[in-house]
Every structure is written in structure tokens, then in C-alpha cells.
Amino acid sequence: MNPAGNPSMPAGAPAPLDPMSLPSDDSVNAYTFCVELRGSQWFLQKGKMIAYYGSIEFNGIGHGRLDRLVRTSFHSPLHASDWVVAEGQGKMLLADRAFDVNSYDLEDGNLTIRSGNLLAFQPTLALKQSIVPGFLTLIGTGKFVAASNGPVVFMEPPIRVDPQALVGWADCPSPCHHYDHGYLTGVIGGVRALTGIGGTSGEEHQFEFVGAGTVLLQSSEALMAEQATGALPQQAGVPGGQGAPGQHGQRGQQPGQPRLPGQLGDLQRRFGL
Amino acid sequence: MPFREINSKMVEATILPGQRLFSQRGAMLAYKGDVTFTPNIQGGQGGLASMIGRRVANEATPLMTVEVPQGLDDQGGTPTGTVLFGHGGHHIQVITLSGDTLYVEADRLLAFDGTLQQGTMFMGSQGGVMGMVRGQVTGQGLFTTTLKGQGSVAVMAHGGVIEVPITPQRPVHVDPQAYVAHHGDVRNKLSTALGWRDMVGRGSGEAFQLELSGSGAVYVQASEEKL
């Protein structure tokens, strides 16, 4: 395959994406989602836009012109500072810390999702705070984008879910807490509860779902460590990135520092001194 | 066998009444049916001696027993439990054992069949002092956990896992940091390629390699990060 007639491209390499070949409101790969704006608006969480083509304006919730939009489709003052509205013409790529990203369509439905997992949604949906703390509910018709650690697994109730693994749920009327400490009863259990010997299983508390609906699960909510972008790796041999400070403090040249007389400058670095 | 891979980071275990399995504490994601989770003081199988052995060897990972009580459920059928396991967003590899022994670090164990025999092995027993050095380099320490018998094991790794078969003619060299587990009749030794370049800090970064020979398989993760 020689994409787009580019002779320098090696055969079999993936075609580079341009504004024409980027999908419209669809996933680019498992980790990136592309939103097409044609004078329309999208709500997105701050910092989840990674690139865009065209002219797109990003305004925080509370920007005067957006009052009407916010009044109809944003009902979560708690999260107002985390959200912006993208508006304009072009294509916008969304991603979140290498998590799997998926889009979901709601048709006159409702879905509740962990607030940190929701990346973006169309203003045809209304965002509301769920009764369950830390969760947001989307009501209406439209598309939204959510991130998850590993692909999302859909399960049918009745099911009990570890709170950390829960991404969200749709149409389930009765999420409730379930406590299970059967092993803490009886004589041995009493000793266990009093002394703490044996520890806890860590699974005493679950969310229980019954009734008709769908429960969305992820592998874990443990987040990957965020790394500062643009930082040079702290390794020997990487220009600009000095080894661990202190260890290599005497060696090499700090980039911003004036060079001391008697030093060999770049020649010194070339010999690794 | 009880483990089914749902995706790269989640496995599903189906438990019949009377069956049990061990899993790392806090690794349950969701379950259906009447399943009990009991913290296991002993950290696995065997009696008090095995427990003390594991404590001394520092291979005592907090485990819990997952089981379905025997008897009939409300509808008069046999109750079956379905449990989803996953932990920390790590990739999971299911290894099925048919009579041979799996060598793995205890903290990499996500869940394993209750029928498997759990043991602790002293690294020095394979190659004496060199075995101990090997344990230090691979991060295994002086001891490692063994699982033996018929059944399957879910092992965690950072990044995806590749299974590399080992045949008598073809020994396999593995980066000690990417080593996850191995099973079968395998001898391993640490091969060093230390030279003066490593001494002056200009080495290739691949001075230590784990050489595995014999017949079996080694599991390697696509990352040099420890769990």
C-alpha cells in the first residue's frame, strides 16, 4: 500500500491522517476520538483535547455567550470549572492518558457515569449530577465520549460491583450498597474482628444492581501517573536531560548556565566528561 | 477451566459449588451469584508451617478465598458464581498448567485454582550463590512461589505478555526486568556480558540476561517496569 501517492512512505505503513481522512465523530483508534464541528458545539472536559484542525474556540462554562447553552444542558455547578465548550469549524482529537476511549449513543435514554471518565458530550444531552457522589447522569439523545482503563465490559444485572471497577450504568433504577462481612461472625470471626488478625478481604463493600439495565465495568480505576509533557528524559546521553540532579550535578553543562572559563564546552560533552 | 479472558485486563472465573480459588485481596471487580470472599490468614494453602515459610520467605501476599457454598439456590438449581477479576489496570495472562510447575512471584498472582499446590522455592537451590544473585537481578528476591498441578493461574504483568517456548535446542535469553514467570522443566542461569564499557557507564544497558534452557515456556512482559 502506498497511501496518498506519497513515494517516501514505506509500504504497509499506516496512512497519515489529514483533515479529509480523519473520521467524523468516530474513533481514530482505541485511544483517540475525533469530533467534527460544523458551527456546532461540544462540551468537553478540560485538558482532554490533544489536537485540532480548523478554527475552534474553547470557552469555559460561565462565559457570557454560553449562558443559554449552559442553562439547557449543563446542570452540575460542582463540575463547572472542569468543563469547556468547543465551538467552531474543524476536527478535534480527544484522548486521556492512554486510556481506552469509546463513544456511546443515547436515544432518549439515561446513563450515569463516573465523572472522571466522561470526556465530552453533545449539547443535545443534558448533564446532571447523580445522587451517587462522584457520578454524573446524562439524559436525552446524543453522543458522548468516555474513557476507561481497558475496554469497557457490559454486564446485565443482577450483579455486585467493586466501587473502583464501576464506570457507570444505564437504565438501572436501583444502585445500592451491599455489605458482606459474613466471615466476621461466629467465634473465630469475633476474634478476627477484635484483633484484626487476618486482615480484611477488601471486598466487604460493593455496589449492587438489580432490575433491567446495563452496568459498565472497567479493569480498575487506578490512574496512570501523569507525566509532564515536553520534559526530557533524565538519562545519561540525552542532550539537555542531565542525569539525576546531584549525581551528575558536577558533570556536563547545565543548559541555562554560563560556561565557566577553562571548560572545553561541547567538546567535553562529546567525550562524555 | 475456570478462567476466561474477557479482555486484556479482565478475566472471568466461573465457580461451581464446592470449588474454590484463591485471589489477591481487592482484585474482585464484580460478581454474580452467591459468592463469598474470605481473607486468608495463611496466605494460601497448607498448614501453619507453610504460612510461616511464606512469611519468612516474604512471599506472603494477602490472598482471599473465593468460594460458592454448597447446596441448592432459591430456584432449586445448583448455584454457580461468576466473578470478574482485575487489578490496577495491569495486563492479565491466563496460564494453564497440566501437571508441571509454574514459577512466579507471589505479588504477580491475581488468582489461581484452589486445586493447585502452592509452594515456596529458595532461589539458591538452583545454582547456589548464582541463583541468589539471579533472584536479586530479576527482582524475585531470594524466594519465589511455585504452583503445581492441574489448573489455571491468572498472572499480572505490566504491558502485554508474550509466551516464548523453550525447547532443548533453543535456549531463550530474557531481560531480567521483563521476566514474568516460567513453567516446565527449565534451568535458568544468569549470563553476564559485563565489560569495561559498563564500568565506565557506557554499557549497552543489557549487561544481565536470564538464559532459560530445557523444555517449557517463559512469559515476558512488554515493559521493563516492575509491578
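**View 1. Surroundings of L217(A) in the predicted model**. Beyond its neighbours within four places in sequence, L217(A) is in contact (C-beta atoms, placed from the backbone, within 7 Å) with V152(A), V153(A), M155(A), V161(A), A165(A), L166(A) and V167(A), and also with L29(B), A30(B) and L84(B). Residues are numbered from 1 along each chain as its sequence is written, and chains are lettered from A in the order in which they are written. In this predicted model, local features need pLDDT of at least 70 and side-chain atom pairs count only at pLDDT 80 or more, whereas totals for chains, interfaces and linings use all residues.

**View 2. The largest nonpolar core**. This core (buried Ala, Val, Leu, Ile, Met, Phe, Trp, Tyr and Cys residues joined through C-beta atoms within 7 Å; buried means 20 or more other C-beta atoms within 10 Å of a residue's own) has 101 residues. L217(A), F85(B) and V155(B) have the most contacts inside it. Domain 1 (22-148) and domain 2 (149-196 + 203-221) of chain A, with bounds from an automatic or database domain assignment, both give residues to the core, so it lies between them.

**View 3. The contact of domain 1 with domain 2 in chain A**. The domain centres, taken over C-alpha atoms, are separated by 28 Å. Domain 1 of chain A gives 13 residues to the contact and domain 2 of chain A gives 12 residues. The largest share, eight residues, comes from β6(A).

How values were computed
Buried ≥ 20, exposed ≤ 12 C-beta atoms within 10 Å, placed from the backbone. Contact = placed C-beta atoms within 7 Å. Helix = DSSP H or I, 4+ residues; strand = E, 2+ residues; numbered from the N terminus.
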